[in-house]
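We'll go from the whole chain down to single residues.

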Amino acid sequence: MPYRSLRDWIDMPPVWLFGALCLTWIIGTVLPGPEVGVVLRWIGVFLIGAGLVIIFAALFAFFRARTSPIPRDTPNTLLTGGIFGLTRNPIYLGDVLVLTGFALKWDAVLALFLVPLFMAVIQRRFILPEEEKNKDLFKTGYAEYAGRVRRWV
């Protein structure tokens with residue numbers, strides 16, 4: 001594993017998710033909006049669970065294929081089956097579901113603006129560079145895969 005600077009370890013998707021979750025909690029605490037009600041809170045719990053299942057399914061696929069889930073590492077194989085047959089970025093999709101779920105569970109409706117903001121940051125900082133790396137590494141295999149499977153859903 002190559003040396004990583006502190007910045008490389010901090011600038012990682014889980015850290016961005018943690019930051020967005022902290023902001024969501026703060027917004028829900030400091031600027032409570034309308035209560036979402038018990039049904040939407042349970043939908044939030046469901047979204048959190050679904051997001052975690054998707055994340056762990058993707059991580060299992062990475063480890064099974066013996067390739068790295070770390071965005072800046074160079075993958076040694078292109079994952080196209082299982083959860084990767086539904087979305088090219090299942091971990092990031094799971095992160096979005098978790099963030100949305102916690103906003104609902106914590107009655108932080110006003111924090112829902114963070115969801116598209118989080119998606120934009122993740123896409124710019126991680127997804128687009130990963131796609132360029134995959135195009136270079138896997139050539140036509142990646143082009144075919146990208147033509148068949150959407151970036152998010």
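What follows starts with the overall picture and then takes the helices one at a time.

First, the ground rules. This is a predicted model, so to speak of local features we need pLDDT of at least 70, side-chain atom pairs count only at pLDDT 80 or more, and totals for chains, interfaces and linings use all residues. Residues are numbered from 1 along each chain as its sequence is written, and side-chain values use heavy atoms, with hydrogens and water left out.

Now the overall picture. The protein chain has 5 helices and 0 strands, where helices are DSSP runs of H or I with at least four residues, strands are runs of E with at least two, and the numbering goes from the N terminus. Read in that direction, the elements are simply α-α-α-α-α. The C-alpha trace spans about 50 × 35 × 25 Å along its principal axes. Out of 153 residues, 40% count as buried; here buried means under 20% relative accessible area, exposed means over 50%, and partly exposed is in between, with a 1.4 Å probe and protein chains only.

Let's begin the helix tour with α3. This helix covers residues 37–64, and its 28 residues reach 41 Å from first C-alpha to last, close to the 40 Å expected at 1.5 Å a residue. The expected span is 1.5 Å times one less than the number of residues. The buried residues of α3 include Gly44, Leu47, Ile48 and Phe62, and what the buried residues of this helix pack against is α4. Gly49 also sits in α3, but Gly49 is partly exposed, at a relative accessible area of 31%. Its C-alpha is 25 Å from that of Arg125, a residue 76 places away in sequence. Just after α3, Arg66 takes a positive phi of about 55 degrees.

On to α4, residues 90–105, which is where you'll find Val96. Is Val96 buried or exposed? Val96 is buried, with a relative accessible area of 8%. Leaving aside neighbours within four places in sequence, Val96 is in contact with Val115, Phe118, Met119 and Trp152. Not counting residues up to four places away, Leu93 touches Ile54, Thr87, Trp152 and Val153. The C-alpha atoms of Leu93 and Val153 are 7.9 Å apart, although 60 residues separate the two along the chain.

Between α4 and α5 there is a loop, and it holds Asp107. Asp107 has a positive phi of about 55 degrees although it is not a glycine. Most residues other than glycine have a negative phi. At 15% relative accessibility, Asp107 counts as buried.

Finally, α5. This helix runs over residues 114–148, yet the end C-alpha atoms of its 35 residues are only 29 Å apart, short of the 51 Å a straight helix would reach at 1.5 Å a residue. Where does α5 bend? The bend is at Phe138, and it is about 125 degrees, taken as the angle between axes fitted to the seven residues ending there and the seven starting there. Phe138 is listed among the buried residues of α5, along with others including Val115, Phe118, Glu130 and Glu131. Cover for the buried residues of α5 includes α2 (13–30) and α4. Lys139, also in α5, has a positive phi of about 45 degrees without being a glycine, and at 53% relative accessibility Lys139 counts as exposed.

Terms used. Contact means heavy atoms within 4.5 Å.
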